[in-house]
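Subject: Structure handover

Hello,

Please find the structure below. Have it open while you read the notes that follow.

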Amino acid sequence: MIGKSIVLAEDGKVPFPPSVEDFFLPSIVPWGAHNSYWITKFTALIWLGAALLIIFFLVTYRNPKLVPTKSQWIAESIYGFVRNNIAVDMIGHRGVAFAPYLATLFCFIFINNLWQIIPFVQISPMAHIAFPTILAIISYVMFIWVGIRHHGFAKFVKHSLMPPAPWFMQPLLIPIELFSTFIARPVSLALRLFANLFAGHIILLVFTLGGFVLLNSESFFLKPISVLSWAVSIAITFLEALVIVLQAYIFTVLTASYVQGALADEH
């Protein structure tokens, strides 16, 4: 999106103010009588990211060594970090069983966040609300299924909705727990990831395009400021590199904490 906008800016054809439609990437493959689209660039980036992950781990473990190669060491370090520092630390010894899912979740979010700072792509699929929503739903269904399997349906519902408190407080606490556990958790998971990636993309777009607008301005005094605008966009790119790792980590940690809460014997 940024690359396309830069070309338009250089040609002096940037529409102002931008409309809502400018935030949607053009689709790739038409489908149906009404020329609707079912493969967008976001979808292609998701598939490409998943393919890169699968290829990396397959190649890395195709012929594992006792003394690991560099790529094997990277793969083992990623999995070991998620297993030891997220799964086991958050859930306990039972967290080892969830380490494969949590490691997959972390790597999948990370590599798709990484598109945010890749030149000529510069937007993450996670900046589209649909993809964080699907990931949040998967984690939501998983922690509920784990809780029901561990406690049984009735005990899990009671465990989730009725905190240890006097009986006369329960009518007040049950709606709060219902909203917090079954509504706020998936919504906050999705919105947190989406909002951070979307905001980062917009900020990068503003400073990158702003540089071209300033450079093409009629005022001689505004033209040098374009360099400052581009310098800020470079600095923000480095900041985004930290954000993409942090958001993958936070999403994975929160998922692990929800699983831990579902497995806990006490509220």
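Tyr140 and Phe143 are three residues apart in helix 5, so about one helical turn separates them. (Helices are DSSP runs of H or I, at least four residues, and strands are runs of E, at least two, numbered from the N terminus.)

Before you go on, note that this is a predicted model: local features need pLDDT of at least 70, side-chain atom pairs count only at pLDDT 80 or more, and totals for chains, interfaces and linings use all residues. Residues are numbered from 1 along each chain as its sequence is written, and side-chain values use heavy atoms, with hydrogens and water left out.

Back to the rings. The count of aromatic pairs comes to ten. (Rings of Phe, Tyr and Trp, the last by its six-membered ring, pair if their centres lie within 6.5 Å; planes under 30 degrees apart are stacked, over 60 edge-to-face, the rest tilted.) One of them joins Tyr140 and Phe143 edge-to-face, at 5.9 Å centre to centre and 75 degrees between the planes.

Are these two residues buried or exposed? Tyr140 is partly exposed, because its relative accessible area is 22%. Phe143 is buried, at 2%. (Buried means under 20% relative accessible area, exposed over 50%, partly exposed in between, with a 1.4 Å probe and protein chains only.)

The charged end of Arg185 sits over the Phe143 ring, 5.3 Å from its centre. (That requires NZ of Lys or CZ of Arg within 6 Å of the ring centre and within 35 degrees of the ring normal.)

Elsewhere, ring pairs link Phe81, Phe106, Phe110 and Tyr249 into a cluster.

**The overall chain**

The chain has eight helices and two strands. In sequence order the pattern reads α-β-β-α-α-α-α-α-α-α. Of its 267 residues, 36% count as buried. Take the contacts between residues at least 6 apart in sequence: 65% of them join residues at least 24 apart. (Contact means heavy atoms within 4.5 Å.)

**Helix packing**

The axes of helix 7 and helix 8 come within 9 Å and cross at roughly 170 degrees. (Axes are lines fitted to C-alpha atoms, for helices over the stretch in contact; angles run from 0 to 180 degrees between N-to-C directions.) So helix 7 is roughly antiparallel to helix 8, a label for angles over 145 degrees. Their contact holds 18 nonpolar, twelve polar and three charged residues. (Ala, Val, Leu, Ile, Met, Phe, Trp, Tyr, Cys and Pro are nonpolar; Asp, Glu, Lys and Arg are charged; the others, Gly among them, are polar.)

Helix 6 spans residues 153-161, and its buried residues are Phe156, His159, Ser160 and Leu161. These pack against helix 5 (130-151), helix 7 (170-215) and helix 8 (225-263).

**A residue in helix 4**

Ile111 lies in helix 4, residues 99-113. Ile111 counts as buried because its relative accessibility is 14%. What does Ile111 touch, leaving out residues up to four places away in sequence? Gly49, Leu52 and Leu53. Ile111 and Val245 are 134 residues apart in sequence, with their C-alpha atoms 9.1 Å apart in space.

Two backbone angles are worth a look. Phe120 is not a glycine, yet has a positive phi of about 70 degrees. Phe120 sits in the loop between helix 4 and helix 5 and counts as exposed at 77% relative accessibility. Gln122, also no glycine, has a positive phi of about 55 degrees. Gln122 lies in the loop between helix 4 and helix 5 and is partly exposed, at 21%.

Best wishes

How values were computed. Parallel < 35°, antiparallel > 145°, perpendicular 65-115°, else oblique.
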